[in-house]
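Please have the sequence and the structure open as you read.

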Amino acid sequence: AHDEQVLARRTLRRRALMAILLGSSLAMLGAGAMSLAVFTDTDAADGAWSTGTIILGVSPATTFGPSGMMPGDTGSQTIAVANTGTGALRYAVESVATDLDAKGLAAQLDFDVDAGACGATTGNLFSGTLATFAGLGDKAQGGQPGDRLVAAGDTAQLCFSWELPLLTTDNSFQDAGTEAVFTFYAEQTAN
């Protein structure tokens, strides 16, 4: 009987120990499951890219149109060089003068280009004849000597002026004609 009592006590202790272990395991498992319950949230950010612009405007389109000139006549025209783009630009000007006959009026006309509006110029950029004016700056990519700068949304001015010299224009220039094309090239200044 004593052995049966010892065996019964051992069985009871084992069952109690198993119950305690099982209860502890369930409690720990429950606590672990509860600790995994966290609040979460997500959000996203995006990006958008766009390019700027370089928009060159030159006015007036016809710079000169004098006819019936006589020795001693002069004229000038303010040229507005506008940048309506979003980036700063630099520009160069090329000029090609073509005589309409063999009289050489382009080489006879004195021609000046000054910075600023006519009547309020800020510095001479070229002084010579219409035939020798090749332009300002260089249209090659990158900053070149003589290139002119215009900030975004700004307008620069040039004064083109001419004179048919009184003392050196003889009868051989009667009824002579010449044309010039001034081509403006612009590019960004950034990078």
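This is a predicted model: local features need pLDDT of at least 70, side-chain atom pairs count only at pLDDT 80 or more; totals for chains, interfaces and linings use all residues.

Strand E9 gives the most to the lining of the largest pocket, with six residues.

**The largest pocket**

- The space in the largest pocket comes to about 810 Å³, and 36 residues line this pocket, of which Pro66, Met69, Leu105, Leu109 and Thr178 lie nearest its centre.
- At least two residues of the lining come from each of strand E4 (110–115), strand E8 (155–163) and strand E9 (178–188).
- When the lining residues are sorted by class, 22 are nonpolar, ten are polar and four are charged.

**The aromatic rings**

- Across the whole structure, a search finds eight aromatic pairs.
- In the pair of phenylalanine 111 and phenylalanine 133, the ring centres are 5.3 Å apart and the planes stand at 45°, so this pair is tilted.
- Because phenylalanine 111 lies in strand E4 and phenylalanine 133 in the loop between strand E5 (123–129) and strand E6 (135–136), their pair ties together parts that are 22 residues apart in sequence, and both residues are buried.
- Phenylalanine 133 also forms an aromatic pair with phenylalanine 160, which is edge-to-face, with 6.3 Å from centre to centre and 70° between the planes.
- Since phenylalanine 160 lies in strand E8 and phenylalanine 133 in the loop between E5 and E6, this pair ties together parts that are 27 residues apart in sequence; phenylalanine 160 is buried, as is phenylalanine 133.
- One aromatic cluster is formed by Phe111, Phe126, Phe133, Phe160 and Phe182.

Terms used
Residues are numbered from 1 along each chain as its sequence is written. Side-chain values use heavy atoms; hydrogens and water are left out. On a 1 Å grid over the protein atoms alone, a cavity is a set of points where a 1.4 Å probe fits but cannot get out, and a pocket is an open set with protein on both sides within 12 Å along at least five of seven lines; lining residues have an atom within 4 Å of a point. Grid points are joined across faces, edges and corners, and a volume is the space filled by probe spheres set on the points. Helices (H or I, at least four residues) and strands (E, at least two) are DSSP runs, numbered from the N terminus. Ala, Val, Leu, Ile, Met, Phe, Trp, Tyr, Cys and Pro count as nonpolar, Asp, Glu, Lys and Arg as charged, and the others, Gly among them, as polar. Rings of Phe, Tyr and Trp (its six-membered ring) pair if their centres lie within 6.5 Å; planes under 30 degrees apart count as stacked, over 60 as edge-to-face and the rest as tilted. Buried means under 20% relative accessible area, exposed over 50%, partly exposed in between (1.4 Å probe, protein chains only).
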